[in-house]
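Hi everyone, thanks for making time. Let me put the structure up and talk you through it.

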Amino acid sequence: MHRNETETAPPLVETITLPVKGMSCASCAAGVEGTLRKRPGVRQATVNFAAEKASFSFDPREVSLEDLAREIHQAGFELVIDDGERSPDQPDQALNQARRRMQISSVLAGAVMILMILAMAGVNIPAYQLIITLLGVPVIFGVGLHVHRGAFRALFSGRPNMDVLVSLGSLPAFLAGVAAFFFPLQAFTEMAVTIMTFHLIGKYLEARAKGRASEALRKLIQLGAKTARVLVDGQEKEVDVSSLGEGDVMVVRPGEKIPTDGEILTGTSHIDESMATGEPLPVRREPGQPVIGATLNQEGALTVRVTKTGKDTFLAQVISLVEECQGSKVPIQDFADRVTGYFVPVILALTAGTFASYLLFPDLHRAIITWGAGFLPWVNPDLPPLTLAFITATAVLVIACPCALGLGTPTALMVGSGIGAEQGILIRNGEAVQTLKDVALVAFDKTGTITAGKPQLTDIVPAPGFTEQELLEGAASAEQLSEHPLARAIVEAARERDLPLQECRDFSSTTGAGITARAGDQVIRVGSRNLMIQAGIDPSPLEEALEGLESRARTAILVAVDDRLAGVLAVADPLKESSLEAIRALEERGIATAMITGDNYGTARAIAEAAGITRVVAQVLPDGKVDEIRRLQESYGVVAMVGDGINDAPALKQANVGIAIGTGTDIAIEAADITLVRGDLMALVTAVNLSRATFRKIKENFFWAWFYNILAVPVAMLGLLHPMVGAAAMSMSSLNVVYNSLRLKRLKIRAS
């Protein structure tokens, strides 16, 4: 069926990642995500509670960012639409606010605890209840006010969250203490202040830990230069980097950062590109070569022509990719998200049930608490039934921790993606992290992936009557005008040997066969057997040499001078130094390898054997690579494809994990799930290690989160856990998950 010419064009979809303020737990993130997804015009949305960011795709013709921000605000949160540059200081502002809240509440709660201990020791403190109430007001209604506001908004929107649990655990207890001034009620002021304080301490420690989890991204943002010196009418002028335009000429002195991506016009230097490629050694850069913005010019003054600015620069692409990964989800998280959505309502129901149970079956519960009093100092079975019911229900509220469930995946993903970026491994989404660990086979493109992608002259075999110098000099003279990669390899080899090249005239090329040209007073032919046969020259005297070279994966080229065979030149695309080591490392990890190439089988087989690859698929046209990936998937299951990200784009998409080889500014990320910025294939082994380590941390985090809640909530329901202890344990549960993710940084990820 042909497409109707009047059919509406596909919608223009934009993908954006923006900060979200006001989220206190994973339930909040689910609420923001649900608000975004139900809005017409939004194609997909994910919200990362740990990173406090929302990533979503939308059609601006159907819905505007302002509309989305308005709806999220109505749900009780704030979508930060920032048209300016990313600010690395925003996390510090949130951390400072959390620190101030913690400090104020800790000082006041500390005073309350001291007074409580003195009172318990028999010291008579005049107006004790009034003093601790006055000390508690700034904690409950000052630094803790945002918790109650968040709880109210969450209940109003029908999505109860962590704020609801903390607010219900602290506010009724405090109000009961106030009411005790007027009615004969048990006061729980100390408990209320302590619960809120532990919550604020936990939130500060959590914010600090989350900041450490995302520090790799912050470092990337801070890497960019702020100003640049440009040449204007021959004079240097300092300008803001944001005002640079393509074609501007920058002056970069030794020890300075290169302000933005460009091409060297004059000067030679060694440049530290470790921030971009993970390569620890500086690389030599000369006129005509590209340089990456934010890399460090170590020596030599350079003039650099600007080629990319703003969002098109390498650094901006890397930051965008890391943000995209940190805003994505791992498939294993789906189940946790579904559970988290029901978590708080279930806890509220259990709290109500616990309170009612203590009133309906006081003797049973008192017996359990009496048993616990034998080894738990905070358990008191002599309290009135209503008091026991209130304390136990409060303990159930504050011990439950949906935050631990919500933090398990995103914090591990944040740390893992940050480590990857530092190593020159750019991960596009969380799904790739989970899938890469299960890869059974890696399929490689040949040219530029396993091999260097730059042919080099490897053999010179002169015929009788000719020397190596005469053979190479004649061939290089004739090939000077050719743009073919093999021709450039021959000419470059001659120049490296300082051979004098003759002027080339009467140049003609025969597609697929070779070239004929006049160099000096000689007619020189360089090409295949067919070219020689067409010229009436018998190639058979050199047939043995040709076959020997071809059997070793060389491209053999015949050369004739004035209708006489002069010899054979062999050109090959050499293996990268890292290919053999990387493929061996993959095989040791139980991952099979294959090579898919358009070369003839003999050449492909020789290269595969040299690299240690077990399976070869040769003579495949670019369009056929997708079918070959499908066949490999049928045989092996989960398959990764490694290619250049442009020519191999369809195959990269078909593979379960598409891995692009990028080099510096020539980074191709659109078709790939993972991009290896350097051409070094050992980075692929590092990526596999990183995937396995990150996913292992995710599973550990889920285990501890589930273990904590499954163990702690029943203990609290039995009345064996004081709310103060529960509040502290709740905070520690979240911190345990975050710090477990941070332990990824200590693991040996990089393959060496």
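**Charges, overall shape and one hairpin**

So, charges to begin with: the protein chain carries 68 positive and 82 negative side chains, and the centres of those two sets sit 8 Å apart. Lys and Arg count as positive, Asp and Glu as negative, with His and the chain ends not counted; each charge is placed at NZ of Lys, CZ of Arg, CG of Asp or CD of Glu.

Some housekeeping. This is a predicted model, where local features need pLDDT of at least 70, side-chain atom pairs count only at pLDDT 80 or more, and totals for chains, interfaces and linings use all residues. Residues are numbered from 1 along each chain as its sequence is written, and side-chain values use heavy atoms, leaving out hydrogens and water.

Now the overall shape. The C-alpha atoms fill a box of roughly 120 × 65 × 60 Å along the principal axes. Of the 752 residues, 53% are buried, meaning under 20% relative accessible area with a 1.4 Å probe, protein chains only. Take contacts (heavy atoms within 4.5 Å) between residues at least 6 apart in sequence: 68% of them join residues at least 24 apart.

For secondary structure, we have 26 helices and 26 strands. Those are DSSP runs numbered from the N terminus: H or I of at least four residues for helices, E of at least two for strands.

Let's zoom in on β5 (residues 227–232) and β6 (residues 235–240), which run antiparallel with 6 bridges; pairing takes at least two DSSP bridges. Leu 231 stands opposite Glu 236 in β6. The two strands make a hairpin with 2 residues between them, and Asp 233 in the turn has a positive phi of about 55°.

How values were computed
Buried means under 20% relative accessible area, exposed over 50%, partly exposed in between (1.4 Å probe, protein chains only).
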